[in-house]
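Hi everyone, thanks for coming. Please have a look at the structure on the screen, and I'll talk you through it.

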Amino acid sequence: MKKFSTIAVTSIVALTAGVSTAQADKLTLYCSAQEDWCQLMARSFEDATGIDVNMTRKSSGETFAQIKAESANPKGDVWWGGTGDPHLQAAEENLTMAYVSPMRDQLHDWAISQATSAGDKTIGIYSGALGYGYNTDLLAANNLPEPSCWKDLLKPEFKGHVQMANPNSSGTAYTTLASMVQLFGEDEGFEFMKGLHANINQYTKSGSAPIKAAGRGENTIGIVFMHDAVKQAVSGFPVKVVAPCEGTGYEIGSMSIIEGARNEDEAKKFYDWALSTDAQNLALEVNAFQVPSNTGAQTSPSAPDMSTITLIDYDFKTYGSSAERKRLLQKWDEDVSTLPQ
């Protein structure tokens, strides 16, 4: 009887260890890049490591809200992609944890700068300039002038022809709001947003949705990151990409490990892998035209040439802060979104 008990206990311990190992080899990934890129990253990491990935794709604003709502009982492990501002806010609110990857010496300075400003609670994985794209067929059919500047979008003839995302849900749209404030000054920047509001036909949830609608011929002009407009053009849609004449803001797409992650070791493995050249080169397979943060990764020849674009000195620390982000969004909600169209 004693022998049986010893064997039984040993078997139970072995079984428990096996279950623990099986449970550890999992990762819950929150992804805020384009859907096909998110899927490719998840499946490629599974193939590279054998770790099972449960991936959810939402816009960066939605993901930030979810991580904040789950903070007492975190369900996600890694947040990959999306604009850097909400990642910085998450870092400030201690929703993400500090981690210094051994891959860091392979990254561009701007990616490391993003990490430094957040106490190593996030890091840059790609960058891209803000702009817009328009459907050339619809522009011609409506006898509209070709826009080349931000302020061209305020012209009365563009009423009902412009689309952008809601800055409360979309990192792209929040970057647009913060860029206008930095480019024109706060008073004039909000006057611009009010004038733009009069021409908006719809505020979407996702930042890339306006240019996808333009590609399909459902909308004329979409305010997006330029690489999203390039994707539509390369896919064969009649979309022309515009770098606005006044200058523009840009994003540092980021990655963060969620504080209290249930699978912290797997999260760090994903973090390191996602910073590698092989992982960042996957962008080319899904026509993602951002500039990668690894200095050895490839940038598509179709990607916007950042050196030819007039970029503002975007203040990521200020506009990624919790207080400033909340203040600007509240002001937009009260002063812009309530206006008639």
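I'll start with confidence, then go through the domains, the interface and the salt bridges.

First, some ground rules. This is a predicted model, where local features need pLDDT of at least 70 and side-chain atom pairs count only at pLDDT 80 or more, while totals for chains, interfaces and linings use all residues. Residues are numbered from 1 along each chain as its sequence is written, and side-chain values use heavy atoms, with hydrogens and water left out.

So how confident is the predictor? On pLDDT, the per-residue confidence from 0 to 100, the chain has a mean of 93, and 93% of its residues reach 70 or more. Please be careful with residues 1-24, though: the pLDDT there is below 50, and this stretch has 3 contacts (heavy atoms within 4.5 Å) beyond near neighbours in sequence.

Now, the domains. An automatic or database domain assignment sets the bounds: domain 1 covers 26-127 + 252-303, and domain 2 covers 129-249 + 326-336. Their C-alpha centres are 26 Å apart. Where they touch, domain 1 contributes 17 residues and domain 2 contributes 16.

How much area do domain 1 and domain 2 bury between them? About 1200 Å², with 53% of it on carbon and sulfur atoms. Buried area here is the accessible area (1.4 Å probe) that two parts lose on being put together, summed over both. On the domain 1 side, T83, D85 and F289 lose the most area to domain 2, together 32% of what that side buries.

Let's look at what joins them. There are 7 residue pairs in polar contact across the interface, both residues at pLDDT 80 or more. For a polar contact, a pair of N or O atoms lies within 3.5 Å; within protein, one must be able to donate a hydrogen and the other to accept it, and residues adjacent in sequence count only if both atoms are side-chain atoms.

The count between the domains also includes 2 salt bridges, each a side-chain nitrogen of Lys or Arg within 4 Å of a carboxyl oxygen of Asp or Glu. K205 and E62 meet in a salt bridge at 3.7 Å, N to O.

Over the whole structure, the search finds 14 salt bridges. One of the pairs to look up is R104 with D120, at 2.7 Å, N to O. Side chains of opposite charge can pair when their charged atoms come close. That's my tour, and I'm happy to take questions!

Note on methods:
pLDDT is the predictor's confidence in each residue, from 0 to 100.
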